[in-house]
Amino acid sequence: MTTGQRQFNARMRFLHWLMAAMVLTMLGIGVAMVASISDYHRLVSIHRPLGILILILVVIRFVNRRFSTLPPFPAGMSSQERFVASASEILLYTLLFVQPLVGWGMLSAARYPIVLFGSLHLPPILPHSVMLYAILRRTHTVLAYLLFLTFIAHFGAVLFHTLIVRDGMFSRMAPWRVRASQNVPANTAP
Amino acid sequence: MAVESRQPSESTASTKTPLTSRSTLVRLGGIGIVLLSVAGAFLYLGGWFTPHSLTPARFTDEFERVDGIYSGFRRNHAKGVCVSGFFASNGQGERLSKAAVFRTGRVRVIGRFSLSGGDPYVADAPDTVRGLGLLFWLPDGEEWRTAMINLPVFPVNTPQGFFDRLVATQPDPKTHKPDPQKMAGFIANHPETVQAVKIIKSHAVSSGFDNSAYYGLNAFRFVDAGGTSLPVRWSLVPVQPFEAASTTETAQGDKNYLFYALIASILQHPLQWHLIITLGQPGDRTDDASVPWPDGREQVDVGTLTLDSIESEETSPARDINFDPLILPAGITPSDDPLLSARSAVYSQSFTRRAGEKKEPSAITPSGVRK
């Protein structure tokens, strides 16, 4: 059983940190490329395949999560705090899934080839319609800012829990292995 | 980071030394600084702290200041008509590039002839720069797009140079004409423009779109099956015989006379161009579109472009295509010319702006095409 499990399992932690690095890179590339003249092409050429890779990974991550046992929340968290934490997790998963799809969709609607690398490219998933492109292009920007703000909230909340509440929030997802101590009860969710 | 690597249960939490209010404040301040730094880095990457640097948006704003905003139209090369046909490759390009377009055979092509400038209703004039955007549909779903013009070299060689020249052509609010002093000031600082204009002026302008040559403007690189890459430039050389532009036609003719002549010509017989690849030698500049390569460089005729159908922008998918010169198939890669990334970025910005706008009718209407 899961008595004493305090950390997300190794696969989940690996996917979390891998995707954290990729998504932050992606947000940085995205905001830089739209303001860039000389690096525009180089950045777009990374942005597209990286976005598709994130889409693939988020599906893998979601499936992996369904088949994994999760560690309990730190014992001191109120039910409201638990609700906010779960809701923000759902929001992050949704954004990570929808954002690359919107990107793929908007390129399809603009009839841009969706080149990954070399001659490898994806088929369009929407019909050629520049009006649809215009809407999705704006949506892509809005979702990017929302994703960034959600990340800031997530990062801030973890820092707050770890440094101020000191309930060991960070150790649940720490990249390294944290040994369970003897006096940790099993899931004590009220 | 693992400040608290021991998981506290309720029992251990009570034994934890409480934080003093001072230390809580210090920690809160630290968290604030970390979060602000991350947000600041994000804003920095987005150019919020460098409001005067050149961006695709500012570039496109400048096009709009010079010519005004015409709903649904390209911000440059706004006036145009759409064509389609095919490219028949003769196989000669296969040794130069592994791109599927150069294998012997035919690929479908759509394109758009245009005049430079942001006014879609501008009167045709022989000296206005003519453009030809092309999209080659490669057999396996790849695409090659190129946007060519009838100038053998480009008048500027950097994005900033292009921008400054654009600013110099901005009409004076009083006279509604460009200020000659501003242009003189630009020319004084851009010797490459003086040289390029000399070369451009030495090429006689042809009478129409159909007997114009079109040039790929920038250098690119071809990559062959073995991975060897070489610098190239490409151009389309018309099969239609050259005839010098008439200077009297503008005054007496229709304001769309160039486009109507193109329509008449293509309805009479398909129009053809040879696609000529010029091979660069070591030492040939690939990063300066204002300088031609020396005469005598090897040229390879890789096939014939045939355009046999013409239609108004209203009915053609080519209106809603961005002829981004960096949409390239495997086997063609960008050179180090700084204009290439800039063109891609600004075309994209122009495309995004017009995509969401109501589409106004083009100067060359569907009934104009049937004329």
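Predicted model: local features only at pLDDT ≥ 70, side-chain atom pairs only at ≥ 80, totals over all residues.

1. The contact between the two chains draws 46 residues from chain A and 52 residues from chain B. On the side of chain A that touches chain B, at least two residues each come from helix H1 (10-33), helix H2 (40-66), H4 and helix H5 (169-173) of chain A. The most is given by H4(A), with 14 residues. By residue type, this side of chain A divides into 25 nonpolar, 15 polar and six charged.

2. Chain A itself contains five helices and two strands. Their order along the sequence is α-α-α-β-β-α-α. The C-alpha trace of chain A spans about 60 × 30 × 30 Å along its principal axes. Of the 190 residues in chain A, 31% are buried. When contacts in chain A between residues at least 6 apart in sequence are considered, 70% of them join residues at least 24 apart.

3. In the pair formed by helix H3 (residues 79-109) and helix H4 (residues 130-165) of chain A, the angle is about 155° and the axes are 9 Å apart. H3(A) and H4(A) are therefore roughly antiparallel to each other, the limit for that description being an angle over 145 degrees. The crossing of H3(A) and H4(A) is left-handed. The residues of this contact comprise 15 nonpolar, eight polar and one charged.

4. The second pair consists of H2(A) and H3(A), whose axes cross at roughly 145° and come within 9 Å. The crossing of H2(A) and H3(A) is left-handed. On the H2(A) side the meeting residues are Gly51(A), Ile52(A), Ile54(A), Leu55(A), Val58(A) and Phe62(A), and on the H3(A) side they are Tyr93(A), Leu96(A), Phe97(A), Pro100(A), Leu101(A) and Gly103(A). The contact of H2(A) with H3(A) divides into ten nonpolar and two polar residues, with no charged ones.

5. In chain B, attention may turn to helix H9 (residues 338-355), which has 18 residues. From its first C-alpha to its last, H9(B) reaches 26 Å, close to the 26 Å expected at 1.5 Å a residue. H9(B) is mostly covered, with 18 of its 18 residues buried.

6. Arg75(B) lies in the loop between helix H3 (56-67) and strand E1 (79-89) of chain B. Is this residue buried or exposed? Arg75(B) counts as buried because it has 24 C-beta neighbours inside 10 Å, where 20 or more are required. Leaving aside neighbours within four places in sequence, Arg75(B) is in contact with Thr60(B), Phe63(B), Glu64(B), Gly118(B), Ser350(B) and Arg353(B). Between Arg75(B) and Ala330(B), which are 255 residues apart along the chain, the C-alpha separation is 29 Å.

7. His77(B) is also found in the loop between H3 and E1 of chain B. Most residues other than glycine have a negative phi. His77(B), although not a glycine, has a positive phi of about 55°. His77(B) counts as buried because 25 C-beta neighbours lie inside 10 Å.

8. A further loop of chain B, between strand E5 (214-215) and strand E6 (220-223), holds Gly216(B). Gly216(B) has 21 C-beta neighbours inside 10 Å and therefore counts as buried. Not counting residues up to four places away in sequence, Gly216(B) touches Thr146(B), Met148(B), Arg233(B), Trp234(B) and Ser235(B). Gly216(B) and Ser37(B) are 179 residues apart in sequence, and their C-alpha atoms are 44 Å apart in space.

9. Leu217(B) is likewise placed in the loop between E5 and E6 of chain B. The phi of Leu217(B) is near 75°, a positive value in a residue other than glycine. With 24 other C-beta atoms within 10 Å, Leu217(B) is buried.

Definitions and conventions. Residues numbered from 1 in each chain as written. Chains lettered and ligands numbered in written order. Helix = DSSP H or I, 4+ residues; strand = E, 2+ residues; numbered from the N terminus. Expected span 1.5 Å × (residues − 1). Buried ≥ 20, exposed ≤ 12 C-beta atoms within 10 Å, placed from the backbone. Axes fitted to C-alpha atoms, helices over the stretch in contact; angles between N-to-C directions. Parallel < 35°, antiparallel > 145°, perpendicular 65-115°, else oblique. Left-handed = near helix turned anticlockwise from the far one by under 90°. Nonpolar A, V, L, I, M, F, W, Y, C, P; charged D, E, K, R; others polar. Contact = placed C-beta atoms within 7 Å.
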